[in-house]
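Reader: I would like to go through this entry with you. Could you put it up before we start?

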Amino acid sequence: MRRRIYMMLLMLLVSVVGLIAQRTVQTGDITSEKPRLVLWLVVDNLSNEQLRIVLPRLGNDGFKRLLNGGTQMSYAYYDAGGNYAGKNMATLFTGAPAATHGIVGEQWIDHYSNHRIHAIFGDAFDKNSGSLDSAASVCNGQLFCSTIGNQIRRIYNDKAKMYAIGFHPENLLWSSGTQVPEPVIWFDASKGRLRTENLQVDSVNHGWIAEFNDKKLPDLYLDKIWAPSQDISTYHISKFFPGEKQSSFYYPMKQPAGGKGYKYQRLVGSPYGNSLIRDFATALLLMEDMGKDDIPDMLTIEFSLTPSVCAKKQPLDAESEDLLLHLDGSIASLLKAIDQHIGMQNTLVVFTAAQSVHDLQSTTSQHWEPKGVVSMKRATAILNLYLMAKHGQAQWVKNYAPGAIYLDRELANERKVQWDSLLVESADFLAQIKGIERAIVARDLDLMDSDMPIVQMLRRNYHPRRSGDIVLYLQPGWADEMDDGRQIQQLWVVEPVPLVFYGWRVPHALEYEEHNMIDVAPTVTRLIGVANPDGCSGSAIHLIK
């Protein structure tokens, strides 16, 4: 059985190579006037530390090719304030902080309707249970400003091709425009198929996607085993933390993650899941003829470095390192396909991460064990008891989200309680709870005369229509604990991530100047010759010497 599966995979590889040979045109060495393709390579959970540690063991055609041939930013960062990757991705593609684009977190409370809003599913919560509707469709209407995709569409309309593919819609959705939704394609772990949004797939339109799904590659991967691709003694954790982990690992892909869940869930955070996305991305480049004319096309590809087979307990556990080693090969083969199909001299590659590495579970190592958690449910319950003792029986706390408390202004007006006083006394009370470093009345952030980096960061993440009335900032090493048991570890000030530009007219250089990730969007728009997104406050990085 296994031999037959290997033969099928080999036949598929041969067919893909043949397809590349058939559809490849002579690209020559002439560099286009502007990039014909902007390729975004986004890893969902990657830090500079991880990349530096593993780099000596990688090949020369993947990550090393990008680092050694492109312009690398030694210190690029997202504003901290929560750990929702979707907020970071909105910043990446708008060139604006959350205070402008409005994606303040995965969820928030609308101050006017009092409804809970999800960043990509909108008002799709069951009013009785409070749970998210499983049939809800993704939408990108929550952004308050335009994206790079919008700006390309303003000039080239639908002649420019834009796609985003990966595992998590919140890491993909914001690369497209806010008014004309672009195709978003992600792996549906419940069905084992590439699911499409905003894209008609039939025998006439993009029929090749249905054919790709009909090959049922995920079912072939289910018969595989994930074990170390190299000698386990060479892995970082074995060399430096031998007491932290078993001597090796062995994960059958057929077993659902955690012994339960979707049939294909283990593929998402495995080398085979990344290979599936790589194969689909290569097919999309070929079948959609991307990058073949002077109209800039854009493709966003998300890869995973978050193991689905186990909880991530260290910055570089064995599973994460093995994922990175495999991903290096996937990146190499993808770049080779671009060489043959488009030509790297016509392609601008932007390599970065959706977020850095945090939210590690506690381990036996004291070096990264969380110092404690603040239960948001308990904190709001205690605050409500305090407010009831002062102002009478009522539900004064309307709701909460990570790092944010929402109070009931209508109730305050009804009970004739001064709103400003209610905010101040609530913040003063919350600041006394163990683990909370600061509790700030959110609307005062714009008025505070402070050069403290924390205050400036909170200001850039505050939106008056969506953020809480009280903003909580925890002490270093502490985490918010939500109702579902998730521990959301807050970061102080910034979240460093890798950032490399490669390809079209980009020189090899190491940039030491610090860059907020709001600088990426104006850099790309300048190179492709379109205007900045309308909320962009970043400054273009000078890449072309």
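Reader: Is Asp214 buried or exposed?
Author: This is a predicted model, and in it Asp214 is exposed, because its relative accessibility of 51% lies over the 50% cut-off.

Reader: Which side chain does Asp214 meet in a salt bridge?
Author: The partner is Arg193, with an N to O distance of 3.9 Å. Arg193 sits in strand β8 (residues 193-197) and Asp214 in helix α7 (residues 207-214), so the bridge ties together parts that are 21 residues apart in sequence.

Reader: And how accessible is Arg193?
Author: Arg193 is partly exposed, at 32% relative accessible area.

Reader: How many salt bridges does a search of the whole structure find?
Author: The search finds ten. Among them is a bridge between Lys263 and Asp219, whose closest N and O atoms are 3.9 Å apart.

Reader: Where do Lys263 and Asp219 lie in the chain?
Author: Lys263 is in the loop between β10 (251-252) and α10 (265-268), while Asp219 belongs to helix α8 (residues 217-222). The two are 44 residues apart, and the pair links distant parts of the chain. Lys263 is partly exposed at 45%, and Asp219 is partly exposed at 26%.

Reader: What about Lys254, which residue does its side chain meet?
Author: Lys254 meets Asp223 in a salt bridge, at 3.0 Å from N to O. Lys254 is in the loop between β10 and α10, and Asp223 in the loop between α8 and β9 (225-226), so this pair ties together parts 31 residues apart in sequence. Lys254 counts as exposed at 52%, whereas Asp223 counts as partly exposed at 24%.

Reader: Changing topic to α13: what span should it have?
Author: Helix α13 covers residues 376-391, which is 16 residues, and at 1.5 Å a residue it should span 22 Å. Its end C-alpha atoms are 22 Å apart, in agreement with that value.

Reader: Which residues of α13 are buried?
Author: They are Met376, Ala379, Thr380, Leu383, Asn384, Leu387 and Met388.

Reader: Why would residues three or four places apart point the same way?
Author: An α-helix has 3.6 residues a turn, so residues at that spacing point the same way.

Reader: What do the buried residues of α13 pack against?
Author: They pack against the strands β13 (372-375), β14 (397-401), β15 (404-407), β17 (470-474) and β18 (478-481), and against helix α15 (419-430).

Reader: Which residue follows α13?
Author: Gly392 follows α13, and its phi is positive, near 105 degrees.

Notes: Residues are numbered from 1 along each chain as its sequence is written. This is a predicted model: local features need pLDDT of at least 70, side-chain atom pairs count only at pLDDT 80 or more; totals for chains, interfaces and linings use all residues. Side-chain values use heavy atoms; hydrogens and water are left out. Helices (H or I, at least four residues) and strands (E, at least two) are DSSP runs, numbered from the N terminus. The expected span of a helix is 1.5 Å times one less than its number of residues. Buried means under 20% relative accessible area, exposed over 50%, partly exposed in between (1.4 Å probe, protein chains only). Contact means heavy atoms within 4.5 Å. A salt bridge is a side-chain nitrogen of Lys or Arg within 4 Å of a carboxyl oxygen of Asp or Glu.
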